[in-house]
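Here are my notes for when you open this one up. Keep the viewer beside you and go through the points in order.

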Amino acid sequence: MNRFSLAVSRGIARVTEAALGPYQTAVIRIGFSATWLLFLLRELPHRHELYGPDGPWSWGLAEQLIGTNKAFTTLMWSDGRIWFELVYALAILTSALLLLGWRTRTMSVLFMVGVLSLQNRSVFMGDGGDNVLHLMSIYLVFTRCAQVWSLDARRASRARDARERGERVRDLTGPALWGVLGVALLAATLAGRMDGDDLLIPVLLWTVWAAQALWWLVGRRAKSGEPRILLDVVANIVHNGALLVIMAEACLIYATAGWYKIQGSRWQDGTAVYYPLHLEYFSPWPALADLLSASGTMVMLVTYGTVLVQVAFPFTLFNRRVKNVLLALMITEHAVIAVVLGLPFFSLAMIAADAVFLPMSFLRRLGGRSARARDRLLRRRGGRTPVPEQPAPESSQATHVGFGA
């Protein structure tokens, strides 16, 4: 009983004392924001046909569907072209800022609003990658994904250094941003723009807005450190819970995909991979597709291997070496799909979801090498040497200083 109690207490301490997986959540943030940003930029000339007033899924059809499923989308607040252009531009801007990790808490919420607004406006324009992005944009709101590899992390590091030098640090941008978004949220609520929506997203928006105010007030007005520690513990629990959900979601995607494949006759006889390689819609490089499908043995191995990896992956999470091998195989598979089948954004979304299982040591080495390469490039150009990136904080009390973190 004592051993069990000790194990439980250690588990509780681990979950509450720190936001786990700082590098993994940073990669997820960068991966999904980059995927959505690149997609929006590529489809910029076609935005009106995809999600706007010139699309085959008209305003009337979208209004009927949303009246039934109560999906959240700001594009249904107005059918004007100017409003659509504004929402699309804000989706691009928030994706770029989330990628950089600037005011990440706020940008993650606005990123979610942009994703839901566009995808729920035209529900038949997406694929499996868009579904993953749809879910992950909601999960990201609950994570502390700016602990490393972000402008927020650099700002927090500089603020700590300034406090150690006895300087007073004030954040004016965060409260101003909070105030502007609060006015916009209040105006949308009073105007009845959220009345027809599912309550989940409006309640989430107000909750995050209120939590930001509470965080600021405690940081400025609390006479002792206990209230801030309590908020840190709550934030860590929410983060770790969201991280667990992201991992479970990725496992569920692969498990269901693998088990459904097992039931298909083409997957059972080992020929399933052959057919998409010869569909015109999925053949940007016909010569390459012909080369890959020329060998029946290769097609069979890839077909069976795909099913085996997807079904087996959730069961290998407790064996680090086997998990890393299968993870490398899945990432390679998605990279091949991006090139051979012409599905880059689907592959990027899946690779970003896979990143939650990447080893911490690998991500640290990757970050270190990237930082050294950046420093060498800046020195060659005669620029200033940047501030070294701070490691992920060990204590939860050191994370997310200020607004929007």
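1. Helix H13 (286-292) contributes the most to the patch, with three residues. Helices here are DSSP runs of H or I, at least four residues long, and strands are runs of E, at least two long, numbered from the N terminus. The patch covers about 550 Å² and is made by Trp285, Leu288, Leu291, Leu292, Val336 and Val339. H13 and helix H15 (320-340) each supply at least two of its residues. To be in a patch, a residue needs over 30% relative accessible area and no salt bridge; nonpolar side chains (Val, Leu, Ile, Met, Phe, Trp, Tyr) are joined within 5 Å, and like charges within 9 Å. The areas come from the Shrake-Rupley method with a 1.4 Å probe, and for residues only the protein chains shown count as cover.

2. Before going on, a word about what you're looking at. This is a predicted model, with local features needing pLDDT of at least 70 and side-chain atom pairs counting only at pLDDT 80 or more, while totals for chains, interfaces and linings use all residues. Residues are numbered from 1 along each chain as its sequence is written, and side-chain values use heavy atoms, leaving out hydrogens and water.

3. Is Leu291 buried or exposed? Leu291 lies in H13, and at 62% relative accessible area it counts as exposed. The cut-offs are under 20% for buried, over 50% for exposed and partly exposed in between, with a 1.4 Å probe and protein chains only.

4. Next, take a look at H5. This helix runs over residues 81-100, and its 20 residues reach 29 Å from first C-alpha to last, close to the 28 Å expected at 1.5 Å a residue. The expected span is 1.5 Å times one less than the number of residues. Buried residues in H5 include Phe84, Tyr88, Thr94, Ser95 and Leu98. Their cover includes helix H2 (22-42), helix H3 (47-50) and helix H6 (104-121).

5. Ser33 sits in H2 and is buried, with a relative accessible area of 0%. Which residues does Ser33 contact, leaving aside neighbours within four places in sequence? They are Ser95, Leu98, Leu99 and Phe111, where contact means heavy atoms within 4.5 Å. Ser33 and Thr94 are 61 residues apart in sequence, yet their C-alpha atoms are 8.6 Å apart in space.

6. Now follow the chain out of H5. Just after this helix, Gly101 takes a positive phi of about 75°. Most residues other than glycine have a negative phi. Arg103, in the loop between H5 and H6, has a positive phi of about 45° although it is not a glycine. Trp149 is another such case, at about 55°, in the loop between helix H7 (128-140) and helix H8 (151-164).

7. Arg103 turns up again in a salt bridge. What is its partner? Asp171, with the closest N and O atoms 2.8 Å apart. The pair links distant parts of the chain, 68 residues apart, since Asp171 is in the loop between H8 and helix H9 (173-190). Arg103 is buried at 4% relative accessibility, whereas Asp171 is partly exposed at 23%. A salt bridge here is a side-chain nitrogen of Lys or Arg within 4 Å of a carboxyl oxygen of Asp or Glu.

8. Asp152 and Arg155 meet at 2.9 Å, N to O. Both lie in H8, three residues apart, or about one turn of the helix. Asp152 is buried at 4%, and Arg155 is partly exposed at 25%.

9. Finally, compare the model with the record. UniProt's unreviewed entry places the feature "transmembrane region" at several stretches, including 132-151 and 172-193. UniProt positions use the numbering here, feature names are shortened, and annotations may be inferred rather than shown by experiment. In the model, residues 132-151 are 50% helix and 0% strand, with end C-alpha atoms 26 Å apart. Residues 172-193 are 82% helix and 0% strand, with ends 30 Å apart.
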